[in-house]
Amino acid sequence: MSASYDAAAVAALADQPISWQDKALPPSFWGRTVAEVLAGKPRLSNLPTPLLTLSAPGLQHNVATLARWCAEHGVDLAPHGKTTMAPALWAAQLEAGSWAITLANAFQLGVARTYGVSRVMIANSVISPLQLRWIADELAADPDFEVMVWADSVRTVELLDAARAAHIGPDARRLDVLVEVGGAGGRTGVRDVATGVAVGNAIADSRTLRLAGVAGYEGAIARGADEAGLEHVRSYLRDLAAVHTSLQEQDRYDADVVPVVSAGGSAYFEQVAEVLAPLGKNGARVVLRSGAYIAHDDGYYRKVSPLGSAPRTDGERLIPAMHGWIRVTSQPEPGLAIFDAGKRDLPFDEGMPEPQVLRPRAAGDSARPVDGMTVTKLNDQHGFLRFSPDGEPPLVIGDELRVGLSHPCTAFDKWGLIPVIDDPDADDPFVVDLVRTFF
């Protein structure tokens, strides 16, 4: 059963006023609500640069595509909400059947609680006593609220237990905890099966905690998408499965618990389904936590996603649903144009923006594809666009371009209110929504 959310709270986002704090939108929109602005059917040409936009058909396609893929491969989906931190987009994912929303910390959990998300997995250890007390109070106040956290050491379990024991009564709901399995060279998580089992036993023996499953993140230990890299991922997933199987064989799960076995970012989810989905036949709930898939991209995920440009599984391909829009502000030397977007506007950690389309220069012109241009560097608020210094320059000051982007997780966090357009390939798309983020 998919998690629920507060539809009225999400709908009320449209009643929030736009202000000078929303850098995507012009002064002519300030003081009006989102709904009022959208009623005027604004176009892309009404918005300033730099700008990040989302594609309405792209988002819809990607949400439906992965929901369908998960259903066909016997796994559930708890998309990582930290990618977008946008309750309206979480709502779309939940409406498509997502079992839960995954988040990374207690602050993000607070956003989820504000918008009524009923089931959340925190893919992290939460050991702050202040945060644990707050979570305990939320569990006590709402019997329909479910939250899961991770632990990768007996010490973590002891901290969880001590903080809760000092705050709750003997009849309080226990906190669901998953054993986190990592891998050599990765991030957090136990490094071997025996330690994972020991952590699971510590959770199961606690009075205030409940062993709820085993989880991890293969993307932190992956080594590419060639066969050697994929086998490295599968080996890791087999260790993760072994921790769960050992705990299950020892009857460490309570009789009323459906153990969660979870992995899967947006790069290797087909490997997760291959290795872990069979555990569902023995009573486990296998859960993917892909997040970047909702926007996909024109860079890293286009290359590595199982449903990207070189697909490794069945199903429709994901399509890029986010774009940047930039304007040339200077041409100080041959072969160089400076534009008005930088690191504070566009993602750059997994690849530079990719010039794609030159927008119409005047009424009656059409947008046209561009080539031979490369973004070589971003400063805080400026970008460097290089092209051949020979002949007539392909750009003039004032030209506006669409650029493809790489890595959704470092795109959304730069924008508090993101326009959604009806067709990124149109000469002047309509703005059909404005998505609020909370970072």
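Accessible areas here come from the Shrake-Rupley method with a 1.4 Å probe. On that basis, the protein shows about 17800 Å² of accessible surface, and 50% of that belongs to carbon and sulfur atoms. Keep in mind that this is a predicted model.

**Overall build**

Let's start with the whole chain. The protein has 11 helices and 18 strands. Laid along the principal axes, its C-alpha atoms fill a box of roughly 75 × 50 × 35 Å. How does the radius of gyration fit a compact globule? For 439 residues, such a globule would come out near 22 Å, and the protein has 23 Å, so the two agree. As for burial, 53% of the 439 residues count as buried. Take the contacts with a separation of 6 or more: 71% of them join residues 24 or more positions apart.

**The nonpolar cores**

Now for the inside. The largest nonpolar core holds 124 residues, and those touching the most other members are Leu54, Trp69, Leu175, Leu276 and Leu395. Helix H9, spanning residues 227-249, gives the most to this core, with eight residues. There is also a second, separate core of 12 residues, with Met121, Trp150, Ala215 and Val287 among them.

Which residues does leucine 54 touch? Leaving out anything up to four places away in sequence, the list runs Leu59, Leu89, Ala321, Met322, Phe412, Ile418, Pro419, Val420, Ile421 and Val435.

**Helix H4 and its cover**

One of those partners, Leu89, belongs to helix H4 (residues 87-95), where it is buried along with Pro87, Trp90, Ala91, Gln93 and Leu94. What covers these buried residues? The cover includes helices H1 (7-11), H3 (56-72) and H5 (106-114), plus strands E1 (51-55), E3 (101-103) and E18 (431-436). After H4 comes glycine 97, which has a positive phi, near 110°.

**Cysteines**

A disulfide is a covalent bond between the sulfur atoms of two cysteines. How many disulfides are there in this model? The count comes to zero. Cysteine 70 is in no disulfide, and the nearest cysteine sulfur, that of cysteine 409, sits 17 Å away. Look at it from the side of cysteine 409 and the reason is plain: the closest cysteine sulfur, in cysteine 70, is 17 Å off, so it is too far for a bond. Are these cysteines buried or exposed? Cysteine 70 is buried, with a relative accessible area of 3%, and cysteine 409 counts as buried too, at 16%.

**Aromatic pairs**

A pair of aromatic rings is described by the distance of the centres and the angle of the planes. Searching the whole structure turns up three aromatic pairs, including the two listed here.

| Pair | Centre to centre | Angle between planes | Arrangement |
|---|---|---|---|
| Tyrosine 115 and phenylalanine 438 | 5.8 Å | 45° | tilted |
| Tyrosine 300 and tyrosine 301 | 4.9 Å | 80° | edge-to-face |

The pair of tyrosine 115 and phenylalanine 438 links distant parts of the chain, 323 residues apart. Tyrosine 115 lies in the loop between H5 and strand E4 (119-122), while phenylalanine 438 is in the segment after E18. Tyrosine 115 is buried, with a relative accessible area of 9%, whereas phenylalanine 438 is partly exposed at 24%.

What about the accessibility of the two tyrosines in the other row? Tyrosine 300 is partly exposed, with a relative accessible area of 27%, and tyrosine 301 is buried, at 9%.

How values were computed:
Residues are numbered from 1 along each chain as its sequence is written. This is a predicted model: local features need pLDDT of at least 70, side-chain atom pairs count only at pLDDT 80 or more; totals for chains, interfaces and linings use all residues. Side-chain values use heavy atoms; hydrogens and water are left out. Buried means under 20% relative accessible area, exposed over 50%, partly exposed in between (1.4 Å probe, protein chains only). Helices (H or I, at least four residues) and strands (E, at least two) are DSSP runs, numbered from the N terminus. Contact means heavy atoms within 4.5 Å. A nonpolar core is a set of buried Ala, Val, Leu, Ile, Met, Phe, Trp, Tyr and Cys residues joined through side-chain atoms within 4.5 Å. A disulfide is a pair of cysteine sulfur atoms within 2.5 Å. The radius of gyration is taken over C-alpha atoms; the globule rule is 2.2 Å times the number of residues to the power 0.38. Rings of Phe, Tyr and Trp (its six-membered ring) pair if their centres lie within 6.5 Å; planes under 30 degrees apart count as stacked, over 60 as edge-to-face and the rest as tilted.
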